[in-house]
Amino acid sequence: MARILIADDEESMRLLVARAIGMDGHETVTAEDGSEALEILTNQNGKFDLLLTDIKMPIMDGIALALAAARDFPELTILLMTGFADQRERAFGLDAIVHDVVTKPFSVADIRTAVADALTAKKSSS
């Protein structure tokens, strides 16, 4: 199964997402913001299959995190989440590095499907 790093500043969202994708047997690691997520990625040499990050977070947002992660770990698949239309627009130009943007609120089934799709796309491209 996959190792997935989840970055979201809302604890309830982190726990929901970790629990949802854990149902598929994936190992999850969580971070409270982009800065912490980047630190985890760096400390573990990018040994994750997927980075699932909220866009709007304090300290370092998901866009900055995605750009740094793609630069340092180009093999890492990145999936963004947001509940804000304007944030989704900000991600528009990142198609080359971001697999998709999942719109909040989403159901457990929605996030599980989005993660499965991202992981499948990663396998077929490698």
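Begin with strand β4 (residues 77-82), which runs parallel to β5 and is joined to it by 4 bridges; helices (H or I, at least four residues) and strands (E, at least two) are DSSP runs, numbered from the N terminus. Within this pairing, select Thr82, whose bridge partner in β5 is Thr103. The model is predicted: local features need pLDDT of at least 70 and side-chain atom pairs pLDDT 80 or more, while totals for chains, interfaces and linings use all residues. Residues are numbered from 1 along each chain as its sequence is written, and side-chain values use heavy atoms, without hydrogens and water.

Next, display the whole sheet: an open one of 5 strands in the order β2-β1-β3-β4-β5, with parallel pairing (two strands pair if DSSP finds at least two bridges between them). At its edges lie β2 (27-31) and β5 (100-103), each pairing on one side only.

Finally, select Lys56, in the loop between β3 (50-54) and α3. Is Lys56 buried, partly exposed or exposed? Lys56 counts as partly exposed because its relative accessibility is 42% (buried means under 20% relative accessible area, exposed over 50%, partly exposed in between, with a 1.4 Å probe and protein chains only). Not counting residues up to four places away in sequence, Lys56 touches Asp9, Phe84 and Gln87.

Conventions: Contact = heavy atoms within 4.5 Å.
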